[in-house]
Amino acid sequence: MKLVGEKFETPPSLLPMRKAFKGTFIVAGSYEREDGNKVIAENADLVAYGRWFLANPDLPRRFELGAPLNKYDRETFYISDPVRGYVDYPFLESSTDVSS
């Protein structure tokens, strides 16, 4: 893998692993909607959207609507504050949150 910004670039390395592993093949690592769909079409069975799900509790709906994503805050990922981090990201409020 190589890191490009906050994204890991791995497409060339997926094919040998996919050929070697015959079970359900799950990929993870900063995939967004478009590149997640692309890797499903090419090599994988499932995509894990961990950080994006933390920041977007309605991620499937956002993907469906093409709505913008909340940015995640890594500094709050593993803290014990009960009202900051995992639980304070906003849901879409209306159809006006959808990009044109």
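What share of the contacts in the chain with a separation of 6 or more comes from residues 24 or more positions apart? Such residues account for 32% of those contacts. Keep in mind that what you're looking at is a predicted model.

## The overall layout

Let's start with the whole chain. It has 4 helices and 4 strands, and if you walk along from the N terminus, the elements come in the order β-β-α-β-α-β-α-α.

The chain has 100 residues, and 28% of them are buried.

## Inside: the nonpolar core

In soluble globular proteins, nonpolar side chains tend to end up buried together. Here, the largest nonpolar core has 15 residues. The members that touch the most others are Leu-14, Val-27, Tyr-31, Val-39, Val-47, Tyr-49 and Tyr-72. Two elements give this core two or more residues each: helix H3 (50-55) and helix H4 (59-65).

Skipping its neighbours within four places in sequence, Val-47 is in contact with Val-27, Tyr-31, Gly-36, Val-39 and Ile-40. Among these partners, Val-27, Tyr-31 and Val-39 also belong to the group of core members touching the most others.

## Outside: Glu-34

Now for a residue on helix H2 (residues 33-42): Glu-34. Glu-34 counts as exposed because its relative accessibility is 53%, and the cut-off for exposed is over 50%.

Phe-63 lies 29 residues away from Glu-34 along the chain, yet their C-alpha atoms are separated by 9.3 Å.

Note on methods. Residues are numbered from 1 along each chain as its sequence is written. This is a predicted model: local features need pLDDT of at least 70, side-chain atom pairs count only at pLDDT 80 or more; totals for chains, interfaces and linings use all residues. Side-chain values use heavy atoms; hydrogens and water are left out. A nonpolar core is a set of buried Ala, Val, Leu, Ile, Met, Phe, Trp, Tyr and Cys residues joined through side-chain atoms within 4.5 Å. Buried means under 20% relative accessible area, exposed over 50%, partly exposed in between (1.4 Å probe, protein chains only). Contact means heavy atoms within 4.5 Å.
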